[in-house]
Amino acid sequence: FDFPAVHKDRLDNGLEMRSVQAHRLPIVTVTLMLDAGEASVSEDRAGLAVLTGDSLEGGTANHSGTELAEALESIGAGLSVGTGWDATTVSLSCLPERLDEAMNILADVVLRPAFPADEIDRVRGQRLAAIQQRKMDPSSIASDAARRLTYAEVSPYGRSLGGDVESVESFSPEAASGFVEAQYRPENAGLILVGDVDQAEVKAMAQ
């Protein structure tokens, strides 16, 4: 296996960028890596990074959640958001000729999330239900106990990734917006594009 060459760039706003040309299939995958993992959150706000990531697809300043889903569907793109201990990733895949439109949608989701109250309520409710379910699952109980025994008390890795009942109940649109403003910063992020692309063109799109 010969790994393809990785082209490195930095945008004017400080965002690091890596692109790889792979012409084998007519598809492009874009991933934005943000230094916005759960480890960056204090214990009294545990779960904030995860809940904020889960709420990103609920709509933006320009599109409601339904309109956002329709815009993605109209260009055949799939969007996924995942938050772990160390990062939040926002990814999408599309055909090369749709990349410019897809990048605009990605930018809208990350730069202008609306966090409508009904979406926050839905995400909060789902997380609270998941917490209650974990309390009744022997495997989850054992995993939680193992984490607490493995890590020091001051380490965030010893707590549950999604927070606890008290911290999740305090999740609000204002909390999500504040976290985005503080953590979704270009100087603490990386953009990765892989696929059937022209590297000069994708830099212009990203810029």
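1. Arg10 stands opposite Glu16 in E2. E1 and E2 pair in the antiparallel sense, over four bridges; two strands count as paired if DSSP finds at least two bridges between them. Strands (E, at least two residues) and helices (H or I, at least four) are DSSP runs, numbered from the N terminus. The model is predicted: local features need pLDDT of at least 70 and side-chain atom pairs count only at pLDDT 80 or more, while totals for chains, interfaces and linings use all residues. Residues are numbered from 1 along each chain as its sequence is written, and side-chain values use heavy atoms, with hydrogens and water left out.

2. The hairpin of E1 and E2 has five residues between the strands. Within this hairpin, Gly14 takes a positive phi near 100°.

3. Glu16 also stands opposite Gly190 in E6. Strand E2 (residues 16–21) and strand E6 (residues 189–195) run parallel and are joined by six bridges.

4. The open sheet has six strands in the order E1-E2-E6-E3-E5-E4, with mixed pairing. Strands E1 (7–10) and E4 (78–83) stand at the edges; each has a single partner strand, so one side of each lacks a neighbour in the sheet. From one strand to the next the twist averages 15°, with axes fitted as lines to C-alpha atoms and angles running from 0 to 180 degrees between N-to-C directions.

5. There are 13 salt bridges in the structure, a salt bridge being a side-chain nitrogen of Lys or Arg within 4 Å of a carboxyl oxygen of Asp or Glu. One of them joins the side chains of Lys203 and Asp9 (3.4 Å, N to O). This pair links distant parts of the chain, 194 residues apart: Lys203 lies in helix H8 (residues 199–206) and Asp9 in strand E1.

6. A surface patch of negative charge gathers Glu43, Asp44, Asp164, Glu166 and Glu169. Patch residues have over 30% relative accessible area and no salt bridge, and like charges are joined within 9 Å; areas come from the Shrake-Rupley method with a 1.4 Å probe. The charge is placed at CG of Asp or CD of Glu. Glu169 is found in helix H6 (residues 165–169).

Definitions and conventions:
Patch = residues over 30% accessible without salt bridge, like charges linked within 9 Å, V, L, I, M, F, W, Y side chains within 5 Å. Lys, Arg positive; Asp, Glu negative; His and termini not counted.
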